[in-house]
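Keep the viewer open and follow the selections below in turn.

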Amino acid sequence: MTSDRGEPGAALVPTQVKGTVLTVRRVDAYYAMTVIAPGVAARFRPGQFVAVAVGGPQTSMLLRRAFSIHQVRPDHGGTVEFVFAVAGPGTGWLSERRTRDTLDLAGPLGRPFPLPRDPVNALLIGGGYGSAPLFALGDKLRGRGCAVDFLLGAASADRVFGALTARRNGRTAVVTTEDGSMGARGQVTDLLAQVIHEARTDVIYACGPMGMLRAVTRLASRYELPVQALVEESMACGIGVCMTCVLPVVGEDGVTRMARSCVDGPVFRGDLVRWDDVGTIPVDALGAPGWKPRPQAKPPPPARPQPPGRQPVGKQPAGKQPGRSRIGPGAGRRGRGR
């Protein structure tokens, strides 16, 4: 399966705006806030997020709060909606905003979900309000002829986000709760194998707690299914400066690097994230204490220059005439630039 990130030629340049709050609504255990931000809405690709300043202009809360974008409406004044739970003073302040209040937000930030170029069976897995960014993704996938299935889970019914939307827009929708108050009792991984078989899944997109993403990736590897995981890491700046959201990711060259979730992600290939080492700096990660680069092979010594009209001593190969160079224009550059 080949893929790209968003639409071809898409401009992913972020913008910082003063957005006017349009609505703030309670959705069970969460809040959904819609802000008028045309510049952000026009540039948005599923999987990206916004970084919102909280506390007001005189606050001591200097760090922004990052929220995945749930949906945008560029043709309705350019609105952006994100979902959050109250977890501290910053999100508590945000939940108290009302219509016509103003927010300072930057976005869209981060790398979006890669989209398949050919129709596939896509399984979208969400944990808690981690399912919020999956619905815009589902719309894009259906627009490309993909079949979209949902598997949503949470601790209880009031913490499952978007179950009704998933049932309305997905080919299938399965819900699990740990207390059994909605759908099947258990976690999403308890039913994942069954859903994969029934949906004939080709690719998995997932967003939720890190433990869930780790379990989903491990189980998907048994079926050799690719996983695109949107990680939930604390992002203090959102632009790659503060290094608070790093996690170990294996590069295509096999070297582990501490990737910044906000700019290198938040979407990563699940099989490249070292889930067991999240929160640590592995000893073999590039730049870790005691890390040493692999020894590089010494380049061959430069050839000795020959006087004009002379060839190195030795037998000339068949078909070659003395006095003519064996090296033509562009030799030694084959393969570069491809």
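In what order do the 7 strands of the open sheet lie? The order is 12-11-10-9-13-14-17, with mixed pairing. Helices (H or I, at least four residues) and strands (E, at least two) are DSSP runs numbered from the N terminus, and two strands pair if DSSP finds at least two bridges between them.

This is a predicted model, in which local features need pLDDT of at least 70 and side-chain atom pairs count only at pLDDT 80 or more, while totals for chains, interfaces and linings use all residues. Residues are numbered from 1 along each chain as its sequence is written, and side-chain values use heavy atoms, with hydrogens and water left out.

**The open sheet**

Select strand 12 (184-185) and strand 17 (267-269): these stand at the edges, each with a single partner strand, so one side of each has no neighbour in the sheet. Next take strand 9 (residues 121-127) and strand 13 (residues 203-207), which run parallel and are joined by 5 bridges. Within this pair, Ala-122 is opposite Val-203 of strand 13.

Helix 5 (residues 188-199) lies across strands 9, 10, 11, 12 and 13, at about 165° to strand 9. Helix 6 (residues 210-222) lies across strand 9, strand 13 and strand 14 (227-230), at about 170° to strand 13. Axes are lines fitted to C-alpha atoms, for helices over the stretch in contact (heavy atoms within 4.5 Å), and angles run from 0 to 180 degrees between N-to-C directions.

Strand 2 (residues 15-27) pairs with strand 7 (residues 102-109) over 6 bridges, and Lys-18 is opposite Asp-104 in strand 7.

**Pocket and cavity**

On a 1 Å grid over the protein atoms alone, a cavity is a set of points where a 1.4 Å probe fits but cannot get out; a pocket is an open set with protein on both sides within 12 Å along at least five of seven lines, and lining residues have an atom within 4 Å of a point. Grid points are joined across faces, edges and corners, and a volume is the space filled by probe spheres set on the points.

Select Ala-66, Phe-67, Tyr-129, Glu-233 and Ser-234, which lie nearest the centre of the largest pocket among its 29 lining residues. Its volume is about 610 Å³. Strand 5 gives the most to this lining, with 4 residues.

Finish at the largest cavity, lined by Thr-34, Gln-71, Val-72, Arg-73, Thr-79, Val-80 and Glu-81.
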